[in-house]
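Hello,

Here is the structure I promised to pass on.

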Amino acid sequence: MNLEWGVMLESLPRLLQGTLLTLELVALALVAGGLLSVPLAMLRVSSNPVLRALPLAYTFFFRGTPLLVQLFLFYYGLAQFEVVRESIFWPIVREAYWSALIVFTLNTGAYTTEILRGAIQAVPHGEVEAARAMGMSGGTLYRRIVLPRAYRIALPAYGNEIILMLKASALASTITLLDLTGMARTVIAKTYLPVEIFLVAGAIYLALTFLLVNGFRLLERRVLRFQQPRTA
Amino acid sequence: MFDLHGFGDQLLLGLGMTLKVAAGGLVLGLVLGLLGATAKLSRAKPLYWLAATYTTLMRGLPELLVVLIIYFGTAGLLTRIAGWLGHDGYVELSPYAAGIVALGLAFGAYATEVFRGAIQAIPAGQIEAARACGMGRLRIFLRITLPQAWRVALPGLGNLFQVLVKDTSLISVIGLEELMRKSQIAIANTKEPFTFYFAAALVYLAITVIVMLGQHRAERWAARGQPGSTT
């Protein structure tokens, strides 16, 4: 196959511009979703069944349906209701950018909640009991013992979630956003060279995944160094 | 329930297509996963590198991009191959075939790792014992490795299938009339996007629940001979 190398090179600036939007969406959604997941995970392990059920319904819906459905339901679906169209939120809800950001946040928040719940439940009982014996309770116990321990336990699974979020962000292109995939589709519509442009876009995604995987490996080594065998 | 304006049977048709694509992707993905795991555990370096490249590519690329690449990117190649075989004219994959191939490729990459872990979990002594009994490599694989490996692999494969079912919605982007696309068609006629996307969401949720229950039963059944099982 003869590739049009010139076109590939020419498409690079625009694809990198799309990459910036991809990174922006993923980073903001991860931060917001992460913040959302902490209180929800704490509710998920509560002893009160009503408090437990609320975040469960949320994670069940967002993990049980395709992201594409969630995105369309929010971006196209909400406009069906006049209440929404006349509310003060309408200028935000009708924007593709905000829709993608909100839905990505809720989606990754749901997965992160379940990851964090598993991690909180995996914190050794003895440590919690010891902290109780020292007189810690409630907020102090969570802040000093449970959460610092849980986030380290959750780290490997969370690393996978970040990769999945990066890949899922390609769906932003289905609601008109010009992220990396969206930009690639736009360039293809002009050049009629799908193979070349997809190769460049694919290479950029692979590079991002590679960076994330290795960055996470370093981070894990750093925050989990207390578990490593001592050298020398 | 809510009013589907007579589009209920269309949604059911879409559901049928969704299930067909999911089943096709599952079969292709299982085959690719087994081949991939065998290649990754093989002593032949080229086979290992081939499988490693495949899993790295597929696990690093967005599924949507894979769907688009298979659908829009393979026509040139297929037309050329058909040309060698003496067929003139344009050849491309249908959205249906492209969808199964794309989802199968993605499933296969993750399944490769699941199968590899499961095969490695089998004690080496058993393989040696089988060899001492005079079994050949294929027979060892079919009689010793596979029956035990799939039990270990089952939870992982179940989770992958959940992901696969949800990813079938991506094929609506290339026009396959599955559940999502049928919902869009209904919306174009009724102007009720929330109703139909919500209906679609509920159907996906129902599939998720059914797959989860099936997974649970399959795992219980697979573990029936294991110590500590209650059945």
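Let me begin with the order of elements: from the N terminus on, chain A runs α-α-α-α-α-α-α-α-α-α. That makes 10 helices and zero strands in chain A, where helices (H or I, at least four residues) and strands (E, at least two) are DSSP runs numbered from the N terminus. Chain B has nine helices and zero strands, in the pattern α-α-α-α-α-α-α-α-α.

Two notes on conventions. This is a predicted model, in which local features need pLDDT of at least 70 and side-chain atom pairs count only at pLDDT 80 or more, while totals for chains, interfaces and linings use all residues. Residues are numbered from 1 along each chain as its sequence is written, and chains are lettered from A and ligands numbered from 1 in the order in which they are written.

**The two chains**

The C-alpha atoms of chain A fill a box of roughly 70 × 65 × 25 Å along the principal axes; for chain B the C-alpha trace spans about 70 × 55 × 30 Å. Of the 232 residues of chain A, 35% count as buried, and of the 231 residues of chain B, 38% do. Here a residue is buried if 20 or more other C-beta atoms lie within 10 Å of its own, exposed if 12 or fewer, and partly exposed in between, with C-beta atoms placed from the backbone.

Contacts mean C-beta atoms, again placed from the backbone, within 7 Å. Among contacts in chain A between residues at least 6 apart in sequence, 76% join residues at least 24 apart. In chain B, residues 24 or more positions apart account for 74% of the contacts with a separation of 6 or more.

**Where they meet**

On the chain B side, 26 residues are in contact with 27 residues of chain A. Helix H3 (63-73) and helix H9 (193-222) of chain B are the elements that give two or more residues to that side, and H9(B) supplies the largest share, nine residues. By type, the chain B side has 18 nonpolar, five polar and three charged residues. For this count, Ala, Val, Leu, Ile, Met, Phe, Trp, Tyr, Cys and Pro are nonpolar, Asp, Glu, Lys and Arg are charged, and the others, Gly among them, are polar.

Apart from neighbours within four places in sequence, B:Leu65 is in contact with A:Ala170, A:Thr181, A:Phe198, A:Ala201, A:Gly202 and A:Tyr205. B:Leu65 and B:Val67 also have the most contacts inside the largest nonpolar core, which has 103 residues. Such a core is a set of buried Ala, Val, Leu, Ile, Met, Phe, Trp, Tyr and Cys residues joined through C-beta atoms within 7 Å. Helix H5 (residues 95-120) of chain B gives the most to this core, with 14 residues.

**Helix H3 of chain A**

Helix H3 (residues 67-77) of chain A is mostly covered, with 10 of its 11 residues buried. The buried residues of H3(A) pack against helix H2 (49-64), helix H6 (96-122) and H8 of chain A, together with helix H8 (179-190) and H9 of chain B. A:Gly77 lies in this helix and counts as buried because it has 22 C-beta neighbours inside 10 Å. Leaving aside neighbours within four places in sequence, A:Gly77 is in contact with A:Phe72, B:Pro193, B:Phe194, B:Tyr197 and B:Phe198.

**Helices H9 and H10 of chain A**

H9(A) and H10(A) pack at an angle of about 165 degrees, their axes 9 Å apart; axes are lines fitted to C-alpha atoms, for helices over the stretch in contact, and angles run from 0 to 180 degrees between N-to-C directions. The pair is therefore roughly antiparallel, the word used for angles over 145 degrees. Among the residues that meet are A:Thr181 and A:Ala184 in H9(A), and A:Phe198 and A:Ala201 in H10(A). The residues of this contact divide into 10 nonpolar, two polar and no charged.

A:Thr176 has phi near 75 degrees, a positive value in a residue other than glycine. A:Thr176 is in the loop between helix H8 (138-168) and helix H9 (180-191) of chain A. A:Tyr192, in the loop between H9 and helix H10 (194-223) of chain A, has a positive phi too, near 55 degrees. A:Tyr192 is exposed, with 10 other C-beta atoms within 10 Å.

Best wishes

Definitions and conventions: Two residues are in contact if their C-beta atoms, placed from the backbone, lie within 7 Å. Angles under 35 degrees count as roughly parallel, over 145 as roughly antiparallel, 65 to 115 as roughly perpendicular and the rest as oblique.
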